[in-house]
Amino acid sequence: MDPTQWGAPFPVAVSALFCIVLLRSNATYWVGRLVANGAHRTRAAQWMDSPRYRQAVQKINRWGAPAVSASFLTVGVQTVINLAAGAVRMPLTRYIPATIVGSIAWAFLYGTVGFVGFEAFSLLWEHSPTVAWGAGLVALAGLTWFIVRQVRQGRAETGPEPTAPAEDRPPVG
């Protein structure tokens with residue numbers, strides 16, 4: 001699905017991409033809500049009703065909107081973040097604006113340069129699969145380095161995470 005090959009004017013292509021991703025992200029959000037409702041009928045309910053879980057949900061609801069918007073600029077994380085936003089019942093007054101901003105960014109990115117990266121990788125693969133694998137591994141190593149650095153900086157600023165008391169841990173088995 002290469003939007004540059006649709007033969008439609010750029011504004012039409014971007015508008016179509018916006019609608020597609022907005023519908024997809026909101027569907028994922030609602031699946032997350034349904035899954036959370038089902039989990040409340042299991043032994044996980046005790047854990048989900050714990051003070052620590054409720055505190056985590058409050059933090060996600062308060063600060064999660066920027067994560068939702070930013071997730072549209074990633075590959076593979078967007079679905080998980082939208083699912084989690086639904087699972088913790090992020091208020092729609094925060095979720096909808098965040099997903100609109102992210103959908104706009106995604107539509108413009110995918111409608112312009114986003115597909116160029118895929119095409120470039122495809123051409124590289126046709127020329128030399130070995131070099132393509134190497135480029136992929138270098139990109140993965142760079143991403144891993146970046147994530148590890150961010151996690152370490154976050155821990156340095158906040159200190160290590162305390163372990164949860166036994167009564168706050170989910171039941172095992």
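Modeller: The accessible surface of the protein is about 11,600 Å², and carbon and sulfur atoms hold 69% of it. Areas are from the Shrake-Rupley method with a 1.4 Å probe, and for residues only the protein chains shown count as cover. This is a predicted model, in which local features need pLDDT of at least 70 and side-chain atom pairs count only at pLDDT 80 or more, while totals for chains, interfaces and linings use all residues. Residues are numbered from 1 along each chain as its sequence is written, and side-chain values use heavy atoms, with hydrogens and water left out.

Biologist: How many helices and strands?

Modeller: Six helices and zero strands, which reads along the sequence as α-α-α-α-α-α. Helices (H or I, at least four residues) and strands (E, at least two) are DSSP runs, numbered from the N terminus.

Biologist: What share of the residues is buried?

Modeller: Of the 173 residues, 25% are buried. Buried means under 20% relative accessible area, exposed over 50%, partly exposed in between, with a 1.4 Å probe and protein chains only.

Biologist: And contacts, what fraction comes from residues 24 or more positions apart?

Modeller: Taking contacts with a separation of 6 or more, 74% are between residues 24 or more positions apart. Contact means heavy atoms within 4.5 Å.

Biologist: Which residues have the most contacts inside the largest nonpolar core?

Modeller: Tyr29, Val68, Phe72, Ala85, Met90, Tyr95 and Trp106, in a core of 13 residues. Helix 1 (10-39), helix 3 (51-71) and helix 5 (92-127) are the elements that give two or more residues to this core. Another core, of five residues, lies apart from it and includes Met48, Tyr53, Val57 and Val88. A nonpolar core here is a set of buried Ala, Val, Leu, Ile, Met, Phe, Trp, Tyr and Cys residues joined through side-chain atoms within 4.5 Å. In soluble globular proteins, nonpolar side chains tend to be buried together.

Biologist: What is Met90 in contact with?

Modeller: Setting aside neighbours within four places in sequence, Met90 is in contact with Tyr29, Ile60, Asn61, Gly64, Ala65, Val68, Ala85 and Tyr95.

Biologist: Tyr29 and Tyr95 again. How are their rings arranged?

Modeller: There are five aromatic pairs. Rings of Phe, Tyr and Trp (its six-membered ring) pair if their centres lie within 6.5 Å, and planes under 30 degrees apart count as stacked, over 60 as edge-to-face and the rest as tilted. Tyr29 and Tyr95 are stacked, because their ring centres are 4.2 Å apart and their planes are at 25 degrees. Tyr29 is in helix 1 and Tyr95 in helix 5, so the pair ties together parts that are 66 residues apart in sequence. Tyr29 is buried at 0% relative accessible area, and Tyr95 is buried at 0% too. Tyr29, Trp30 and Tyr95 form one aromatic cluster.

Biologist: What about the rings of Trp106 and Tyr110?

Modeller: Stacked, because the centres are 5.0 Å apart and the planes at 5 degrees. Both residues lie in helix 5, four residues apart, about one turn of the helix. Trp106 counts as buried because its relative accessibility is 18%.

Biologist: Switching to helix 4. Which residues there are buried?

Modeller: Gln78, Asn82, Ala85 and Gly86. Seen down the helix 4 axis, its buried residues fall within an arc of 100 degrees, so they line one face. The arc is that of the directions from the helix axis to the C-beta atoms.

Biologist: Why is Gln78 called buried?

Modeller: Because its relative accessibility is 7%. Gln78 is in helix 4 (residues 78-87). Leaving aside neighbours within four places in sequence, its contacts are Val21, Arg24, Ser71, Phe72 and Trp106.

Biologist: And Asn82, what does that one touch?

Modeller: With neighbours within four places left out, Asn82 is in contact with Ser25, Thr28, Tyr29, Val68, Ser71, Phe72, Tyr95 and Thr99. Asn82 is buried, at 0% relative accessibility.

Biologist: Where does Ser25 sit, and is it buried or exposed?

Modeller: Ser25 is in helix 1 and is buried, at 0% relative accessible area. Leaving out neighbours within four places in sequence, Ser25 is in contact with Phe72, Asn82, Tyr95, Thr99 and Ser103.

Biologist: How far does helix 1 reach?

Modeller: Helix 1 has 30 residues and reaches 43 Å from its first C-alpha to its last, close to the expected 44 Å. The expected span is 1.5 Å times one less than the number of residues.
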